[in-house]
Amino acid sequence: MEHTNIETRDAAIVEEMWQTVVPGARISRADAIQPALNWHAVSDMGFAFCDYTIGSTMLVESDPLDQVVVGRIAGSRVAGTYRRERIDTAVPFMVVDRPLEVAFTGRIAGTAVSFSRSDFEDGARRLSGDEGLRVRATGYAPVSEQRLRYWTRTWEYARDVLLRSPERTPLIQQQARMLMLEASLLTFPTTFTDALAAGRPARPLPAPVRRAKAYIEAHAAESVVLADIAAAARLSPRGLQYAFRASTGRTPMQYLRRVRLDAARADLRSADPSVDTVAAIAARWGFSNLGRFAAMYRGEFGETPSTTLRS
């Protein structure tokens with residue numbers, strides 16, 4: 001991926017930078033740029049991600065052309081118009097097919113991420129399992145507050161990995177790109193989210209999280225560390241932590257603990273109290289400290305392991 005960090009007051013360069021994310025971006029009117037554009041971005045074939053600040057009085061028309069663009073622009077005097085409708089640019093929005101017009105005065109802080117239409121459709125088909133799915137936008141604002149929070153957490157992770165971290169390995173950067181694509185697909189209204197809502201009431205988990213959960217459930221009785229789960233998910237351990245928590249509200253190791261507690265509870269319920277012991281069942285599921293196991297068990301199920309064994 002190509003990284004760009006630049007500071008400029010030249011309107012032509014400002015326009016050129018925006019065009020690396022939104023190919024059809026065009027500055028229609030611009031006064032003196034003060035403070036200067038501070039631009040931090042990364043780009044690759046079919047993908048771009050940027051974070052910027054700029055001060056001016058400016059009118060910008062951004063046509064996504066063959067891209068899907070998700071952006072956010074915060075400032076005290078910003079007016080955005082999309083599909084002949086005034087939109088709140090401080091809330092992440094998606095631009096597809098038609099131009100976005102933004103007028104602002106004073107300092108703004110923005111971010112944008114763009115994907116090729118083909119990558120966006122391929123991602124939707126992979127997540128839905130429907131190879132014939134055609135992705136068409138049905139709105140521009142997040143479908144719910146929960147999805148907005150999910151997108152924001154994923155964006156924060158991607159910004160840290162792509163723009164701030166010194167550990168810019170190709171694998172980690174590609175993982176961040178993939179997570180950002182999936183979060184955008186799941187957050188903004190399209191025929192993909194409509195199909196999911198019609199067929200499944202819950203938001204599907206991203207593929208790496210599904211792989212991680214499947215690995216945890218299959219190997220819960222074995223010695224498992226985070227690196228094992230990350231390898232099965234095809235993510236770095238750090239990337240898995242972000243993706244798993246964003247999607248499920250807990251870490252992979254917390255999920256492993258819950259799977260083991262559920263398995264121990266099932267064994268306790270079916271055990272013969274004259275033969276089996278709490279300690280043996282706890283050890284079977286990786287709990288070597290009986291006191292800690294009992295405390296966690298009671299916290300989850302509201303009773304002690306010995307009560308379950310005797311019931």
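Helices (H or I, at least four residues) and strands (E, at least two) are DSSP runs, numbered from the N terminus. With those labels in hand, let's walk through the model. It is a predicted one, with local features taken at pLDDT of at least 70, side-chain atom pairs only at pLDDT 80 or more, and totals for chains, interfaces and linings from all residues. Residue numbers start from 1 along each chain as its sequence is written, and side-chain values use heavy atoms, leaving out hydrogens and water.

**Stop 1: the open pocket**

Select α9 (252-270) and α11 (290-301), each of which supplies at least two residues to the lining of the largest pocket. A pocket here is an open set of points on a 1 Å grid over the protein atoms alone, with protein on both sides within 12 Å along at least five of seven lines; lining residues have an atom within 4 Å of a point. Now show Met253, Leu256, Arg257, Arg260, Gly286, Phe287, Ser288, Asn289, Arg292, Phe293 and Met296, which line this pocket. Its volume is about 220 Å³, counted as the space filled by probe spheres set on grid points that are joined across faces, edges and corners. Which helix gives the most to the lining? That is α9, with 4 residues. Colour the lining by type and you get 5 nonpolar, 3 polar and 3 charged residues. For this count, Ala, Val, Leu, Ile, Met, Phe, Trp, Tyr, Cys and Pro are nonpolar, Asp, Glu, Lys and Arg are charged, and the others, Gly among them, are polar.

**Stop 2: rings beside the pocket lining**

Rings of Phe, Tyr and Trp (its six-membered ring) pair if their centres lie within 6.5 Å; planes under 30 degrees apart are stacked, over 60 edge-to-face, and the rest tilted. For another example, select Arg72, which lies over the face of Trp155 at 4.8 Å from the ring centre.

**Stop 3**

The structure holds 12 aromatic pairs. Pick out Trp39 and Tyr52: their ring centres are 5.7 Å apart and their planes at 25°, so this pair is stacked. Trp39 sits in strand β3 (residues 37-44) and Tyr52 in strand β4 (residues 47-63), 13 residues apart. Are these two buried or exposed? Both Trp39 and Tyr52 are buried, meaning under 20% relative accessible area, with exposed over 50% and partly exposed in between (1.4 Å probe, protein chains only).

**Stop 4**

A cavity is a set of grid points where a 1.4 Å probe fits but cannot get out.

For the second largest cavity, with about 60 Å³ of space, show its lining, including Tyr150, Arg153, Leu179 and Tyr242.

Methods: Lys NZ or Arg CZ within 6 Å of the ring centre and 35° of its normal.
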